[in-house]
Amino acid sequence: MSMDVAAVTREIARRGHALIPSFVTGEELKRATAGIEEYFPDPETTADGTLDVGAFKHAVPFPFAANALNRLVLDPRVVEVAERLLGTRDILLTSSFVQAKYGTAYGDTKDQALHNDTWAVNSLLPPRTDGVYQRLFGIVYLTDVTVDTAPTYVAGRAGDLGVPLITADRKATYGKDAYPDLYARERPVEAPKGSLLLFTGDLVHRGSAYRGRHGRRLAVFFNLHSAAARWTGKHLWAMLPASPGWPDFCDLMAELSPGQRQLLGFPVPGDPYWTADTLGRLADLYPGIDTAPYTAALRERG
Ligand SMILES: O=C(O)CCC(=O)C(=O)O
């Protein structure tokens, strides 16, 4: 699907978030949904109705078994938004996971407090929210999101709202008692399945409880930062080659562009890491990978 990258970047720069309906559609949406359903099955269509939904409460980290899901996290349009917004081409995937919230028939889900994502989970330093230090977050909703089906609530950017990123009690969350105005301002993001919500780290927002009795909300989360913010803790891939999903991941690595591979830590073509030897071994590791961009840059360097 086409996405107006320039307009989306402008909107995010102006108000800290943008909703992109039809981010994923048609067969791709079907494949991504089938991929997430492997982790979070539908209790209402499960044959004998005995599915233990309690077992599906936990988020599952990237990479996912289905490459249709992995592709959503490495989407070149989103990379371009990040590059424009942060003003750098050195963008990294901080982390990504899939998660489900089920209807009240299967137990209660929680209303989160309003919070920002600049700091608490990934960094020991006070956050900066300008230029190359910004962080970009995405949520792809793979089911329709209404007020009853756990929408994300958005209040606005911390700076616009006049609230600190780290509060006096050293939190990045804003309780209802101390910050009633934020709760008066918040609005639910209702979105058809296949929509993407993109937002900056300083957006004051929250996840909400699933109020409907049946159904579930399926979502893919990811976030990006630039290599310049080297203090931002990121997901590690240490055990990935030993995982059962490695062959499918190898297929994905062969399919990605050098720019998308950069998100996962690959050096750019032209980086001194690339030699005739490392390129030969790369081709062995990821059968079918096109090493031409790296080889061309190596030749240019002489
Ligand atoms: O699930 C959502 O809609 C938002 C979740 C969120 O803000 C968080 O987990 O930090």
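Predicted model: local features only at pLDDT ≥ 70, side-chain atom pairs only at ≥ 80, totals over all residues.
The ligand has Gln 112, Asp 117, Ile 139, Thr 152, His 205, Arg 206 and Gly 207 around it, where a residue counts as near if its C-beta atom, placed from the backbone, lies within 6 Å of the molecule. That shell splits into one nonpolar, four polar and two charged residues.

Residues are numbered from 1 along each chain as its sequence is written.

**The whole chain.** There are 10 helices and 11 strands in the chain; these are DSSP runs numbered from the N terminus, helices being H or I with at least four residues and strands E with at least two. The radius of gyration is 20 Å, close to the 19 Å from the globule rule for 302 residues, so the chain is as compact as a globular protein of that length. Here the radius is taken over C-alpha atoms, and the rule is 2.2 Å times the number of residues to the power 0.38. Along the principal axes, the C-alpha atoms fill a box of roughly 65 × 50 × 35 Å. Of the 302 residues, 36% count as buried, meaning 20 or more other C-beta atoms (placed from the backbone) lie within 10 Å of the residue's own; 12 or fewer makes it exposed, and in between it is partly exposed. Among contacts between residues at least 6 apart in sequence, 84% join residues at least 24 apart, a contact being two C-beta atoms, placed from the backbone, within 7 Å.

Helix H2 has 12 residues and should span 16 Å at 1.5 Å a residue; its end C-alpha atoms are 17 Å apart, which agrees. The expected span is 1.5 Å times one less than the number of residues. In H2, Ala 32, Gly 35 and Ile 36 are buried. They cover an arc of only 90° around the axis, which puts them on the same side of H2; the arc is that of the directions from the helix axis to the C-beta atoms. Their cover includes helix H3 (67-73), strand E3 (91-102) and strand E11 (216-226). On the face turned away from the buried side sit the exposed residues Gly 26, Glu 27 and Lys 30.

Gly 302 follows H10, with a positive phi near 80°.

| Residue | Phi | Loop between | Other C-beta atoms within 10 Å |
|---|---|---|---|
| Ser 22 | about 55° | strand E1 (17-20) and helix H2 (26-37) | 15, partly exposed |

Ser 22 and Met 3 are 19 residues apart in sequence, with their C-alpha atoms 8.8 Å apart.

Then there are the prolines. A cis peptide bond joins Phe 62 and Pro 63, with omega about 0°, and Pro 63 is in the loop between strand E2 (60-61) and H3. Pro 269, in the loop between helix H8 (258-263) and helix H9 (276-285), is buried, with 20 other C-beta atoms within 10 Å. Leaving out residues up to four places away in sequence, Pro 269 touches Pro 258, Trp 274, Pro 293, Tyr 294, Ala 296 and Ala 297.

Key: Nonpolar A, V, L, I, M, F, W, Y, C, P; charged D, E, K, R; others polar.
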